[in-house]
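Hi everyone, thanks for coming. Please take a moment with the sequence and the model on the screen, and then we'll walk through them together.

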Amino acid sequence: MPPEICPNCGAEISPNAKACRECGSSEETGWGEKAHADNLGLPDEDFDYDDFVKREFGEKKPVPRGLGWFWWLVALILLVVFAALLLH
Ligand SMILES: [Zn+2]
């Protein structure tokens with residue numbers, strides 16, 4: 001018995017279906033997302049590394065470690081300087 005809704009892509013699956021008509025998941029593949037690539041025979045070199053990095057780290061480039069606290073320190077110093085000037 002297949003699930004009513006495909007766990008991989010969310011498509012409705014008829015009780016008689018042996019596999020998802022949308023993504024190709026089936027009991028054989030454990031209704032997982034891997035079935036998609038397997039059934040379509042997509043080559044691994046199709047993997048877009050740049051796109052993967054963008055999705056993993058967002059559009060902007062990752063900030064080097066250690067830069068964060070530095071700018072917090074600069075901001076703090078500026079704040080103290082401004083406070084000192086105002087209270088003078
Ligand atoms: Zn599916």
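Ser26 sits in the segment before H1. Helices here are DSSP runs of H or I with at least four residues, strands are runs of E with at least two, and both are numbered from the N terminus. Is Ser26 buried or exposed? Ser26 is buried, because its relative accessible area is 11%. Buried means under 20% relative accessible area, exposed means over 50%, and partly exposed is in between, using a 1.4 Å probe and protein chains only.

A quick word on what we are looking at. This is a predicted model, so local features need pLDDT of at least 70 and side-chain atom pairs count only at pLDDT 80 or more, while totals for chains, interfaces and linings use all residues. Residues are numbered from 1 along each chain as its sequence is written, and side-chain values use heavy atoms, with hydrogens and water left out.

Now the metal. Which residues hold the protein donors of the zinc ion? They are Cys6, Cys9, Cys20 and Cys23, each through SG, at 2.2 to 2.3 Å from the zinc ion. A donor is an N, O or S atom within 2.8 Å of the metal (3.2 Å for Na, K and Ca); water is not among the atoms, so sites may look incomplete. The spacing of these donor residues along the sequence is C-x2-C-x10-C-x2-C. Cys9 and Cys20 both lie in the segment before helix H1 (34-40), so this pair ties together parts that are 11 residues apart in sequence.

Why is the arrangement called tetrahedral? Because the four donor atoms subtend angles of 105 to 112° around the zinc ion; four donors count as tetrahedral if all angles lie between 85 and 135 degrees.

The two cysteines of that pair have their own accessibility values. Cys9 counts as partly exposed because its relative accessibility is 40%, whereas Cys20 is buried, at 5%.

Cys20 also belongs to the largest nonpolar core, along with Cys6, Ala11, Ile13, Cys23 and Trp31. Such a core is a set of buried Ala, Val, Leu, Ile, Met, Phe, Trp, Tyr and Cys residues joined through side-chain atoms within 4.5 Å.

Finally, the whole protein: it has three helices and zero strands, and 12% of its 88 residues count as buried.

How values were computed: Tetrahedral: all angles 85-135°; square planar, octahedral: opposite > 155°, others 65-115°.
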